Amino acid sequence: ALVVVVDQAETPLYDIELELKESFPDIAFEFVLADITNRERLESVFKAHKFSVVYHAAAYKHVPMIEENPHEAALVNIQGTKNVALLANKYEVSHFVMISTDKAVNPTNVMGATKRSAEMYVQALGHAIEEGRIEGKTIFLTTRFGNVLGSQGSVFHLFREQIANGGPITVTHPDITRYFMSIREACHLVLQASALGDTTRIFVFEMGEPHKIVDLARNMIRLARLIPDEQIEIKYT
């Protein structure tokens, strides 16, 4: 009946409003400017709509930025998730789907640790409901992604920009690997999770083998008809 899009970033929210209204003129949309760390504001959104499904994708995810600003990451990724999850249960949302990351597995950085903490909270809440320790009906689901190629903040955009500027391409470490998937695959995973999920669980997409970030960098340099390490330097940070 209605798709409600919530974001705290004004310009991206305006951009997605223009895109969705043009692409899907027959679908009813509402665009809400709100911050998930503001519990009272968020509750007014839940109160105004009887949501059947909530897709929770709000998070800080830029690893080096979060290493420098761990407080903000904890506030948004952990406390913000708690706010959305508790309100989803309070207002009897059928399914809550949290978008997580493969960095939450044995996390080695602050971003991964905050996302793992959020996963643990959501799972604990879901199990408490199922065991009758907390009253509620919401099914809590989590989906873990690798690097979604072409998404906002993707390494793909950074490398393309660095190549256009003549280099260097910056890679954290020569041995760093990531799993990669397309935006279409990521969207399918989220939708399948909400359709298949009948109990608290984590869904992990089958993404094949992990790829070295440096190999992606070299391939992108070659696709730009340039020579890696000669015309475009690869710098390890």
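These legends accompany close-up views of a predicted model. In this predicted model, local features need pLDDT of at least 70 and side-chain atom pairs count only at pLDDT 80 or more, whereas totals for chains, interfaces and linings use all residues. Residues are numbered from 1 along each chain as its sequence is written, and side-chain values use heavy atoms, with hydrogens and water left out.

View A. Strand β1 (residues 3–7) pairs with strand β2 (residues 29–33) in the parallel sense over five bridges, pairing being assigned if DSSP finds at least two bridges between two strands. Helices (H or I, at least four residues) and strands (E, at least two) are DSSP runs, numbered from the N terminus. Within this pair, Val 4 stands opposite Glu 30 in β2. Together with helix α1 (residues 10–23), β1 and β2 make a right-handed β-α-β unit; right-handed here means that, with the strands pointing away from the viewer, the path from the first strand over the helix to the second runs clockwise.

View B. In helix α6 (residues 155–164), the buried residues are Val 155, Phe 159, Gln 162 and Ile 163, where buried means under 20% relative accessible area, exposed over 50% and partly exposed in between (1.4 Å probe, protein chains only). These residues cover an arc of only 100° around the axis, which puts them on the same side of α6; the arc is that of the directions from the helix axis to the C-beta atoms. Glu 161 and Ala 164, on the other side of α6, are exposed. Just after α6, Gly 166 takes a positive phi of about 90°.

**View C. The aromatic pair of Phe 46 and Tyr 91.** Phe 46 and Tyr 91 form a tilted aromatic pair, at 6.3 Å centre to centre and with 35° between the planes. Rings of Phe, Tyr and Trp (its six-membered ring) pair if their centres lie within 6.5 Å, and planes under 30 degrees apart count as stacked, over 60 as edge-to-face and the rest as tilted. Because Phe 46 lies in helix α2 (residues 39–48) and Tyr 91 in the loop between α4 (70–90) and β4 (95–101), the pair ties together parts that are 45 residues apart in sequence. Ring pairs link Phe 46, Phe 51 and Tyr 91 into a cluster.

**View D. Surroundings of Val 84.** Leaving aside its neighbours within four places in sequence, Val 84 is in contact (heavy atoms within 4.5 Å) with Ile 36, Leu 42, Phe 46, Val 54, His 56 and Phe 96.
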